[in-house]
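Keep the model in view while reading.

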Amino acid sequence: MVDKQPAFMRPAPGSVRAEQDTITFEPGEWYSPGDLNLINLPNNLAQVQSPETAARFVETYGPLLYHYEGGRPAPATEALRPLLAQAEAVRLALRLLEAMQDDNDERLAHLLNAAQVIRRDAPDFGPHNFAMSFLLPDGPVQTTVTLAAPYRKPGDIPWRELAVTLICTVANQHTVQLYPGLVPSPGGLAFERQVTGHVGLSLVQLVWYGVGEIALRGQENVKQRRIRLCEECGTPFYALDGRQRFCPPDPWTAESRCAGRRMQRLIRARRKKES
């Protein structure tokens with residue numbers, strides 16, 4: 001859970017517009033970060049792949065990169081490109097975590113090769129290390145980060161070690177200001193984890209904290225393959241229910257958008273077959 005005090009703002013209904021490189025909106029209602037499921041939040045951002053889906057994300061959650069702290073005015077804009085870059089990085093991290101459940105590293109190798117950038121001046125990490133460079137988000141900007149891991153044996157590229165290093169690097173960059181504490185649960189008979197910010201909070205911090213939680217839970221449930229690809233849109237998600245096959249629903253809704261699309265398509269196909 002996260003701090004239950006109202007801290008984030010959702011735009012006023014119908015006010016969100018994607019205009020060139022900026023998403024604009026009018027201030028709406030405030031809500032508590034405690035309303036968010038941190039395990040579902042990374043999937044919700046990973047679904048963003050266009051200005052339209054970015055605007056829908058902002059309409060649902062408010063701005064991703066705005067840092068909420070006392071005395072600051074309510075936000076009214078969100079830069080589009082940094083939001084899309086964050087969504088791409090979260091999508092890559094979740095895909096890597098999903099592929100790490102395999103017995104071999106074939107899909108990890110494909111994902112990392114597709115994501116790396118060519119950099120001629122990459123530093124030399126020595127003959128016993130394999131290095132790759134990636135363009136990763138750091139808040140509102142992107143920077144080229146070169147990661148390295150030692151060969152397990154000559155010629156055996158350490159794909160799994162590189163994937164772990166990449167996810168740790170970008171997740172830690174965005175969660176360094178978070179403070180996870182232990183608090184009594186409602187009723188005071190058990191424990192809960194509460195996440196707060198040292199100086200305010202931003203939504204992107206909670207997204208990457210959620211990625212870290214998925215990484216930890218995923219390695220505890222490898223045989224159950226709880227990190228899955230949605231059968232409708234292909235976006236990775238963590239299945240809180242072992243029967244879950246589609247992306248989780250947005251907050252304040254009961255039904256998965258992807259499950260609803262699949263159901264509507266099946267209904268249309270059945271009607272067409274019967275007619």
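## Cavities and ring contacts

The second largest cavity is lined by Gln-47, Cys-247, Pro-248, Pro-249, Asp-250, Ser-256, Arg-257 and Cys-258. Its space comes to about 40 Å³. By class, that lining has 4 nonpolar, 2 polar and 2 charged residues. The model is predicted.

A search of the whole structure finds 2 cavities of 30 Å³ or more. The largest cavity holds about 90 Å³. Its lining includes Asn-44, Gln-47, Arg-56, Phe-57, Asp-250 and Arg-257. Helix 2 (residues 51-61) gives the most to this lining, with 5 residues. The lining divides into 3 nonpolar, 4 polar and 3 charged residues.

Now the rings. The count comes to 8 aromatic pairs. Two of them are set out here.

| Pair | Centre distance | Plane angle | Geometry |
|---|---|---|---|
| Tyr-31 and Trp-252 | 5.1 Å | 85° | edge-to-face |
| Phe-130 and Tyr-151 | 6.0 Å | 65° | edge-to-face |

Tyr-31 lies in strand 4 (residues 27-31), and Trp-252 in the loop between strand 13 (236-238) and helix 7 (257-274), so the pair ties together parts that are 221 residues apart in sequence. Tyr-31 is buried, at 4% relative accessible area. Trp-252 is partly exposed, at 42%.

Phe-130 sits in strand 7 (residues 129-138), and Tyr-151 in the loop between strand 8 (141-150) and helix 5 (159-175), 21 residues apart. Phe-130 is buried, at 18%. Tyr-151 counts as partly exposed, at 28%.

Trp-252 also belongs to one aromatic cluster with Phe-8, Trp-30, Tyr-31, Tyr-66 and Tyr-68. The charged end of Arg-10 sits over the ring of Trp-252, 4.2 Å from its centre.

Technical notes
Residues numbered from 1 in each chain as written. Predicted model: local features only at pLDDT ≥ 70, side-chain atom pairs only at ≥ 80, totals over all residues. Heavy atoms only, no water. 1 Å grid on protein atoms, 1.4 Å probe; cavity = no way out; pocket = protein on both sides within 12 Å on 5 of 7 lines; lining within 4 Å. Points joined across faces, edges and corners; volume = space filled by probe spheres on them. Helix = DSSP H or I, 4+ residues; strand = E, 2+ residues; numbered from the N terminus. Nonpolar A, V, L, I, M, F, W, Y, C, P; charged D, E, K, R; others polar. Phe/Tyr/Trp six-rings, centres within 6.5 Å; stacked < 30°, edge-to-face > 60°. Buried < 20%, exposed > 50% of the residue type's maximum accessible area, 1.4 Å probe, protein only. Lys NZ or Arg CZ within 6 Å of the ring centre and 35° of its normal.
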